[in-house]
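Thanks for making the time this morning. I would like to walk you through one model, going from the overall fold to the ligand and then to a few individual residues.

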Amino acid sequence: MRIGVVGAGYVGLVAGTCLAEMGNHVHVVDVKSDVIATLRSGRVHYFEPGLEELLRRNQKDGRLRFGTDIGEMVRDAEYIFLAVGTPQAEDGSADLQYIEAAATAVAKAMTGYRCIIIKSTVPVGTNARIEALVRAQGRTDFDVVSNPEFLKEGAAIEDFMYPDRVVVGVRSTRAEQGMQSIYAPFVRTGRPIMVMDPESAEMAKYVSNALLASRISFMNEMANICQNVGADVDRVRQAVGSDRRIGSAFLFPGLGYGGSCFPKDVRALCRIAEKAGLPARMCEAIDSVNVAQRLVFVPAIEAALGGSVKDATIAFWGLAFKPRTDDVREAPAIYLANALMDRGACVRAYDPEARVTAAREPGMNRATYYDNAYEVLDGADALVIATEWNEFRCADFDRLKALLKRPFVFDGRNVFDIALAAKKGLRVWSIGRAMQG
Ligand code: NAD
């Protein structure tokens, strides 16, 4: 099939590359010419495990190409995925300016039937809005499909290649058949392609993200209670997660969720409810618990350092919002580091992948960045673990103790064996467990 993708970001590039891998001819366009130049040279402008190899192979075989000319892509492709950003607007709702601009550009260039597939996360009613917008350009021979994406950064290829389910919101049989053909190679193991109306498809994505975010915020609230009543959240989590009705996923407490999806999607859902004249009390709470959780260590760090972090040196392990990505959008580490620097601390940081992206975040040019997990510790007053990269799990506690000026560790992702760390002379604060050492 001849497929176009608008937006070469975390979603569009993965989708385009995986679709090419299945033998389709895929043309990916982006407004950023530097991004397209990088992709044309066979490199990926962000970190996603396995993506560059897959991209190169499909590019070499002539199934995957990149450009900035949306008109050329539209002439080329019958199925066009819109995978542009839908960031948070000032009022918390989803900002639809990019998707509308992309849809208008597609509509202007259309000649004959086109199937426009909304892959971006968009509020209910956007499908109908895009359809009206394309019609307003004088086009009649087209379909607009809602096909939300559920991939996770860090495991994006696996998720796209082997989806738990594919959600397709359609109004016409022609579009449904096209979507079945596109996704058939991805669901050979029997995973379902769920066909529904576009409004339900749009809502399914928000409800999934809000439910996942709710488990994280709920567990973070429980962790804070555990800590104050002398319970160990790890034990509690294991006991609770063993219940088959509950399950063990997404119950790990920490410094809160981040990334380009959960925070903005939970807030957008609040605005969707508000627009419908309904309260979104649960969603508001998910967000406010998360906002507080990002800074939960601030008073503890201040207390450990004698009441203030002024002129203290705090080392960070991890900046990305989660491991296996360089994405720092809404990353708790960025909020915590900025809060400490605002209070006069010097922050130095190490992250295996997110150093460059983190340094571009507001306020983060005040931090210094290191290429090595141990160099960053030399002479620091405390270590904060903000992302659970695997390489932090089996840290050399003797080395940590020798390098840190004071043996204080704030494990914001509960990655350390804190009893063992304490035996080695470290004092460890974590989330939802008693301080050790
Ligand atoms: P992104 O910011 O990484 O990429 C978006 C790309 O679109 C950018 O490169 C931008 O230059 C390009 N773009 C914007 N307007 C354009 C236009 N008119 N023409 C061509 N290119 C244009 O965003 P992302 O993380 O890939 O997210 C895209 C959408 O997918 C969002 O709605 C997001 O909520 C959703 N989503 C993201 C993830 C994720 O893990 N990142 C997962 C599921 C869904």
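Before I place any residue, a word on the elements: helices (H or I, at least four residues) and strands (E, at least two) are DSSP runs, numbered from the N terminus. What you see is a predicted model, in which local features need pLDDT of at least 70 and side-chain atom pairs count only at pLDDT 80 or more, while totals for chains, interfaces and linings use all residues. Residues are numbered from 1 along each chain as its sequence is written, and side-chain values use heavy atoms, with hydrogens and water left out.

Let me begin with the chain as a whole. The protein chain has 17 helices and 14 strands, and its C-alpha atoms fill a box of roughly 70 × 50 × 40 Å along the principal axes. If we take the radius of gyration over C-alpha atoms, with the globule rule being 2.2 Å times the number of residues to the power 0.38, then a compact globule of 437 residues would come out near 22 Å, and the 23 Å of the protein chain agrees with that. Calling a residue buried under 20% relative accessible area, exposed over 50% and partly exposed in between (1.4 Å probe, protein chains only), we find that 54% of the 437 residues count as buried. For contacts, meaning heavy atoms within 4.5 Å, residues 24 or more positions apart account for 71% of those with a separation of 6 or more. The accessible surface, from the Shrake-Rupley method with a 1.4 Å probe, where for residues only the protein chains shown count as cover, comes to about 18800 Å², and 51% of it belongs to carbon and sulfur atoms.

Now to the ligand. Which residues come nearest to the ligand? Taking as near any residue with a heavy atom within 4 Å, there are 24 residues around the ligand, and Val 11, Asp 30, Thr 86, Glu 153 and Lys 264 come nearest. By class, this shell holds 10 nonpolar, 7 polar and 7 charged residues, where Ala, Val, Leu, Ile, Met, Phe, Trp, Tyr, Cys and Pro count as nonpolar, Asp, Glu, Lys and Arg as charged, and the others, Gly among them, as polar.

For polar contacts, the criterion is a pair of N or O atoms within 3.5 Å; within protein, one must be able to donate a hydrogen and the other to accept it, and residues adjacent in sequence count only if both atoms are side-chain atoms. An oxygen atom of the ligand sits 2.5 Å from an N or O atom in the side chain of Thr 86, and a ligand oxygen is 2.8 Å from a polar backbone atom of Val 11. For Arg 329, a polar side-chain atom lies 3.0 Å from an oxygen atom of the ligand. Taken alone, the ligand exposes 830 Å², of which the protein buries 89%.

Thr 121 lies in the loop between β5 (114–118) and α6 (126–135), and it counts as buried because its relative accessibility is 9%.

Leaving out residues up to four places away in sequence, Ile 36 touches Val 28, Val 29, Asp 30, Phe 66, Gly 67 and Thr 68, and its relative accessible area of 1% makes it buried.

Why is helix α1 (residues 12–21) described as largely enclosed by the rest of the structure? The reason is that 9 of its 10 residues are buried, among them Leu 13, Val 14 and Cys 18. Just after α1, Gly 23 takes a positive phi of about 100 degrees.

Phe 250, although not a glycine, has a positive phi of about 60 degrees; its place is in the loop between α10 (233–241) and α11 (262–275), and with a relative accessible area of 32% it is partly exposed. Glu 330, also not a glycine, has a positive phi of about 55 degrees, lies in the loop between β9 (313–317) and α14 (332–342), and counts as partly exposed at 23% relative accessibility.
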